[in-house]
Amino acid sequence: MKNPLQKTKHLLLTFATSTEAYAMEEACQRHALRGRLIPVPRAIAATCGLSFAAPLSEKDKIKALLASEDIRPEAEYELEL
């Protein structure tokens, strides 16, 4: 059984505005992709206080979604969360 407290690698996207972050969340929900909005971790500087975190296994699907929906994140990270 997987330990729910164990950290796993995630794709983390930051955005310039909260509107863009919410657009990302909505697009992922429409396309049934896993992920959620979280506060930007303190170790990362970002214009907006929200970021989108998704399991690293969703990275290719999320990158395709970003291109098809014309969503442009400010930065992309791979972090253990």
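From the N terminus on, the elements of the protein follow the order β-α-β-β-α-β, which makes two helices and four strands. Helices (H or I, at least four residues) and strands (E, at least two) are DSSP runs, numbered from the N terminus. The radius of gyration is 12 Å, close to the 12 Å given by the globule rule for 81 residues, so the protein is as compact as a globular protein of that length. That radius is taken over C-alpha atoms, and the globule rule is 2.2 Å times the number of residues to the power 0.38. Along its principal axes the C-alpha trace spans about 40 × 30 × 15 Å.

This is a predicted model, in which local features need pLDDT of at least 70 and side-chain atom pairs count only at pLDDT 80 or more, while totals for chains, interfaces and linings use all residues. Residues are numbered from 1 along each chain as its sequence is written, and side-chain values use heavy atoms, with hydrogens and water left out.

The sheet comes next. Its four strands form an open sheet in the order β2-β3-β1-β4, with antiparallel pairing. Two strands count as paired if DSSP finds at least two bridges between them. The edge strands are β2 (36-39) and β4, each of which pairs on one side only. Neighbouring strands of this sheet are turned by 35° against each other on average, direction ignored. Axes here are lines fitted to C-alpha atoms, for helices over the stretch in contact, and angles run from 0 to 180 degrees between N-to-C directions.

Strand β1 (residues 9-14) has partners on both sides. With β4 (residues 75-80) β1 pairs in the antiparallel sense over six bridges, and with β3 (residues 50-55) the antiparallel pairing covers five bridges. H10 shows both pairings: the bridge partner of H10 in β4 is L79, and in β3 H10 stands opposite P55. L11 has E78 as its bridge partner in β4. β1 is mostly covered, as five of its six residues are buried. Buried means under 20% relative accessible area, exposed over 50%, and partly exposed in between (1.4 Å probe, protein chains only). Over the protein, buried residues make up 32% of the 81 residues.

Both helices lie across strands of the sheet. α1 lies across β1, β2 and β3 and runs at about 25° to β3. α2 lies across β1, β3 and β4 and runs at about 15° to β1.

What do the helices and strands give to the interior? In soluble globular proteins, nonpolar side chains tend to be buried together. A nonpolar core is here a set of buried Ala, Val, Leu, Ile, Met, Phe, Trp, Tyr and Cys residues joined through side-chain atoms within 4.5 Å. The largest such core has 15 residues, of which L13, F15, M24, C28, F52 and I62 touch the most other members. The elements that give two or more residues to this core are β1, α1 (18-30), β3 and α2 (59-69). α1 gives the most, with four residues. Apart from this core lies another, of five residues, among them L12, I38, V40 and A53.

Not counting residues up to four places away in sequence, F52 touches L11, L12, L13, F15, M24, E25, C28, R34, G35, R36, L37 and I62. Contact means heavy atoms within 4.5 Å. Leaving aside neighbours within four places in sequence, S51 is in contact with L12, L13, T14, R36, L37, I38, P39, V40 and P41.

In helix α2, L66 is buried, with a relative accessible area of 8%. Its contacts, again leaving aside neighbours within four places in sequence, are L13, M24, I71 and P73. N3 is found in the segment before β1 and is partly exposed, with a relative accessible area of 39%.

Two totals describe the protein as a whole. Residues 24 or more positions apart account for 71% of the contacts with a separation of 6 or more. The accessible surface comes to about 5,300 Å², of which 52% belongs to carbon and sulfur atoms. Accessible areas come from the Shrake-Rupley method with a 1.4 Å probe; for residues, only the protein chains shown count as cover.
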